[in-house]
Amino acid sequence: MRYTFCLFAVLAFIWLTNSGHYTPLILTFGLASILFVILIARRMKVVDQDSLPLQLWTTLPGYYIWLLRKIIASNLEVAACVWDGLFSGSFSQTKSASISPCSERIPTSLRSDLGKVLYANSITLTPGTVAIDIDSDSVLVHALTCNGLEELKQGEMEQRIFILTEKNTTSNLPAGQDKQC
Amino acid sequence: MIDLLLHYASGLLLLLGCFFMLTGAVGVLRFPDFYSRMHAAGVTDTLATFLIISGLMLTAGWSLALFKLALIMLFIFFTSPTASHALARSAQLSDLRLAQVSAEENLDEALQAQSSTAQDSELSTEAEITDGTRA
């Protein structure tokens, strides 16, 4: 029931910010459409912990701020690779000098679906590394430079996601219930 | 005073965003194979979009448009990894499959392939990109 209420709040927020018309008639239509969407979502049985990870409500923003810093840093690296040697030397030499594409299966200790999704999503979101395939205990990653792959293998990102998701699953219910959405 | 400052700040952010968009485009043209081109496209997806939308948010001020821009940014940040993952996966399931080799071997292979069939791979990469977007 908590998840239904939170879904209602999220949908209402999206509707209100996108509408801009606040007459009673239009608001009634909005309410009707929100209830309809909730009805469909409940029938599809997608209103649960995986679609609305409420237990991450307090910790996820911190992770995303860390990820944003990471994204900016790796963006600058990729941009440096793009511009490196554009105006000097011949094309064919500089191309292979600045980048070194490589791919590897990186083993991961994340077990929950949510953790894996967050991990793969974060890898793809940082330019320079793309998660191509994922199975039960490893992620196939393609990287623009071997340094990027090495950095990923050190596992700081994985560690952070592990703290975020798997620690919570053990103490999830008692910690999650007193939190409001 | 504060208006002027916001004006210039948003102009600067928009300019930076445009620069990174251009970087992404140049990278897509310059990089040798399909997968590394995808990384270049990632620059336009993330930092460029972030900078441009931030610049627009500063121009919008406290209004409904601000929330709409925030929602746009949120949706782009959730959907663009999904799109590039779909692209990579469709490449993986087709001719451009990555061989399961270590980094060094892969690099050697890539260098060889680049020297011998640079023209061919260029062409097939083009075809693959159009295929991927259609899929």
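Two residues are in contact here if their C-beta atoms, placed from the backbone, lie within 7 Å. With that in hand, A:Ile123 touches A:Thr129, A:Val130, A:Ala131, A:Val139, A:Val141 and A:Leu152, leaving out residues up to four places away in sequence. This is a predicted model, so local features need pLDDT of at least 70 and side-chain atom pairs count only at pLDDT 80 or more, while totals for chains, interfaces and linings use all residues. Residues are numbered from 1 along each chain as its sequence is written, and chains are lettered from A and ligands numbered from 1 in the order in which they are written.

**Chain A**
- Chain A has 8 helices and 3 strands, taken as DSSP runs numbered from the N terminus (helices: H or I, at least four residues; strands: E, at least two).
- Along the sequence they come as α-α-α-α-β-α-β-β-α-α-α.
- Take the contacts in chain A between residues at least 6 apart in sequence: 67% of them join residues at least 24 apart.

**Nonpolar core**
- The largest nonpolar core has 43 residues, and A:Tyr119, A:Ile123 and A:Val141 have the most contacts inside it.
- Such a core is a set of buried Ala, Val, Leu, Ile, Met, Phe, Trp, Tyr and Cys residues joined through C-beta atoms within 7 Å.
- Helix 2 (residues 34–60) of chain B gives the largest share of this core, 10 residues.

**Where the chains meet**
- On the chain B side, 36 residues are in contact with 32 residues of chain A.
- Helix 3 of chain B brings the largest share of that chain B side, 11 residues.
- B:Leu71 lies in helix 3 of chain B and, neighbours within four places aside, is in contact with A:Ile14 and A:Thr17.
- Why is B:Leu71 partly exposed? Because 14 other C-beta atoms lie within 10 Å of B:Leu71.

**A helix pair across the chains**
- Helix 5 (residues 113–125) of chain A packs with helix 3 of chain B at about 85°, axes 9 Å apart.
- Axes are lines fitted to C-alpha atoms, for helices over the stretch in contact, and angles run from 0 to 180 degrees between N-to-C directions.
- That makes the two helices roughly perpendicular (65 to 115 degrees; under 35 is roughly parallel, over 145 roughly antiparallel, the rest oblique).
- A:Asn121, A:Thr124 and A:Leu125 meet B:Phe77, B:Pro81, B:Ser84 and B:His85.

Technical notes: A residue is buried if 20 or more other C-beta atoms lie within 10 Å of its own, exposed if 12 or fewer, and partly exposed in between; C-beta atoms are placed from the backbone.
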